[in-house]
Amino acid sequence: MGELAEFFFHIDESLRQATLAYPVATYGLLFAVIYTETAFFPLAPFFPGDGLLFAVGVLCAGGLLNPFIICILLSVAAALGAWTGYRLGKGLGPVLFERFNWLNKRNYLRAHAFYRKYGATALITSRFLPIVKALVPFIAGVSRMEPDRFAKYNVLSAIIWVVSLVTLGYFLGNVPFIRDHTSWLVIGLAAIFITGLFVTLIVKLVKGRTVAE
């Protein structure tokens, strides 16, 4: 746990050292991290995906990584990860509905209706929310969202997520203050996304209680 915290708080320097020592292997490592974070939601809290992409953008600005290869590679990793989560949800859905009473037919129909109407929006916006980015594809699979529709918006959301954050890090990475304080900016970025998630949940809970009353 201490080593994980050390990596997170010094993610820019850790990536820099890894890139200098193992330039080719670093691409594979980044692919594996992004894929794992988006494929298996129980593991998502242990991966700083959004901050990692920003830090990668900073390294690209410093010439240590190729921005075009990174964007293509990590977009593929994010899309494959979400597709894995979707397939897991689709395969485990019947088992979950059979074993857990609260996953009744009514809830299934609600989830299915939700993904038919808001599936595209959920896939795109969830990319920027820690943990949720891996949970949404799984639930989409459980609710049997149409595979073709999921695949289309899955690829689109992966590209938007990866390219936007890597680009942000790339252009801000040339700013001396940003370059010298990347770790803290990564932590701040993660805090903003997490805060947004909690605020959204609280607002929905308050609205739900108001409607119930």
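A: Buried means under 20% relative accessible area, exposed over 50%, and partly exposed in between (1.4 Å probe, protein chains only). The model is predicted, so local features need pLDDT of at least 70 and side-chain atom pairs pLDDT 80 or more, whereas totals for chains, interfaces and linings use all residues. Residues are numbered from 1 along each chain as its sequence is written, and side-chain values use heavy atoms, without hydrogens or water.

Q: Why is Tyr170 called partly exposed?
A: Its relative accessible area is 29%, which lies between the limits of 20% and 50%.

Q: What makes Phe171 exposed?
A: Phe171 has a relative accessible area of 55%, and the label needs over 50%.

Q: Why is the pair of Trp83 and Tyr86 called stacked?
A: Rings of Phe, Tyr and Trp (its six-membered ring) pair if their centres lie within 6.5 Å; planes under 30 degrees apart are stacked, over 60 edge-to-face, the rest tilted. Here the centres are 5.2 Å apart and the planes 25° apart, so the pair is stacked.

Q: How do you know that Tyr86 is buried?
A: Tyr86 has a relative accessible area of 0%, whereas Trp83, at 30%, is partly exposed.

Q: What makes the pair of Tyr170 and Phe171 edge-to-face?
A: The planes of Tyr170 and Phe171 are 85° apart, with 5.3 Å centre to centre; the angle is over 60 degrees, so the pair is edge-to-face.

Q: Which residues do ring pairs link into a cluster?
A: Trp83, Tyr86 and Phe150 are linked in this way.
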